[in-house]
Amino acid sequence: MSGITPDELSLLIEQTYRVEKEFNELKASYAHLQDTVEEVVEFLPNAIWILQKDGSVFLQNSQAKSLGELFELLELKNDDYEVQFSSKSYLIKSSSYKEKLLLSATDITEQKRKENLATMGQMAAHLSHEIRNPIGSISLLSSTLKKRVLPENVPIVEEIQKSVCRIERIVKATLMFSKGVHANKAPFMWSELQDALNMAVGYYGYTKDITFIFPEQKFILNADKDLLEMLFSNFLTNAIDAIELDDNEYGSVEIVYECDGEFHKFYVYDSGVMIENTKELFEAFKSTKVKGNGLGLVLSRQIAEAHEGSVELLEGKRKGFEIKLAL
């Protein structure tokens, strides 16, 4: 190189290396910054898309990648809105900065379900209050009518009473669901509860020959007797309905009792048709029965929990439930 001294060449080479080093450090810093941004976006609990000005994806997290079909439905706008996709509800929020648009999708399915349940509960409670007064009048008048009708017409009046009893159970369950379950505990013998259950079964009514087997042990329960009557009545009536759907002309319902020193344990078995959809078993207002209101098992679990216990479906060849109540 003519005109460049060895010292100038050495200085030029040194400056070149310095510029290259600074460039590599800047590149590494940018790469580290990019990794940090990706880690932050990945850490967020919802699906995130960062878009270029032309709508192409600049960055997305793994949740966004799994919802690629949902992304195709999104509108590139700055307004918040909801989208229904694959039986779920998503809240779409967006914001823009320096010609980039950020879209986020949050699964609000459970929140919407709870809102719908609250609305349905309020409506059901209002209807129950409206129904309660005329049902009370019908119950009182049917009792008076039963004493005055001809003997051959007594069965007709008894059918009216059974239907009224069924409606009263539904109204009571609906009001309890809307207000919440609170246990007023007091000691009583199991035999007292068993007598009440025998009476409830008699009022329920069924067409098949059903054998009921209750625990023979004598033991005391420190609990809310009215709530436990509702709990066990729900299981007994569910068992009766399942047996009524079975092909056999007879069936059996059995309650087995155990105590482990910490819990009263009851196992309720029946010979009726098996439960098909176990996932929605404890979902409010969802019932596979024509006569069901979808609250029986939900309330039964809440009643057990009010007694520091639980209700669980048993897994095995024999169809049944486990009911645990704290001692």
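Me: Where does Ser86 lie?
Reply: Ser86 is in the loop that runs between β3 (81-85) and β4 (88-97). Helices (H or I, at least four residues) and strands (E, at least two) are DSSP runs, numbered from the N terminus.

Me: Before I go on, what am I looking at?
Reply: This is a predicted model, where local features need pLDDT of at least 70, side-chain atom pairs count only at pLDDT 80 or more, and totals for chains, interfaces and linings use all residues. Residues are numbered from 1 along each chain as its sequence is written, and side-chain values use heavy atoms, leaving out hydrogens and water.

Me: OK, back to Ser86. Buried or exposed?
Reply: Ser86 is exposed, as its relative accessible area is 58%. The cut-offs are under 20% for buried, over 50% for exposed and partly exposed in between (1.4 Å probe, protein chains only).

Me: And what is its phi?
Reply: Ser86 has a phi of about 50 degrees, which is positive even though the residue is not a glycine. Glu308 is another non-glycine residue with a positive phi, near 55 degrees.

Me: Where is Glu308?
Reply: Glu308 sits in the loop between α8 and β11 (310-313), just after α8 ends. With a relative accessible area of 47%, Glu308 counts as partly exposed.

Me: Let's zoom out. How many helices and strands are there?
Reply: The protein has eight helices and 12 strands. It is made of 327 residues, and 35% of them count as buried.

Me: You mentioned α8. How many of its residues are buried?
Reply: Eight of the 11 residues of α8 (residues 296-306) are buried, so this helix is largely enclosed by the rest of the structure.

Me: Which ones are they?
Reply: The buried residues in α8 are Gly296, Leu297, Val298, Leu299, Ser300, Ile303, Ala304 and Ala306.

Me: How do α7 and α8 cross?
Reply: The axes of α7 and α8 cross at roughly 145 degrees and come within 9 Å of each other. Axes are lines fitted to C-alpha atoms, for helices over the stretch in contact, and angles run from 0 to 180 degrees between N-to-C directions.

Me: Which residues in α7 and α8 meet?
Reply: On the α7 side you'll find Leu227, Leu228, Met230, Leu231, Asn234, Phe235 and Asn238, which meet Gly296, Leu297, Leu299, Ser300, Ile303 and Ala304 in α8. Sorted by class, this contact of α7 with α8 holds nine nonpolar residues, four polar ones and no charged ones. Here Ala, Val, Leu, Ile, Met, Phe, Trp, Tyr, Cys and Pro are nonpolar, Asp, Glu, Lys and Arg are charged, and the others, Gly among them, are polar.

Me: At what angle do α6 and α7 pack?
Reply: Helix α7 (residues 225-244) packs with α6 at an angle of about 45 degrees, and their axes are 9 Å apart. From α6, the residues that take part include Trp190, Leu193, Leu197 and Tyr204, while those from α7 include Lys225, Phe232, Leu236 and Ile240. The contact of α6 with α7 divides into 11 nonpolar, two polar and four charged residues.

Key. Contact means heavy atoms within 4.5 Å.
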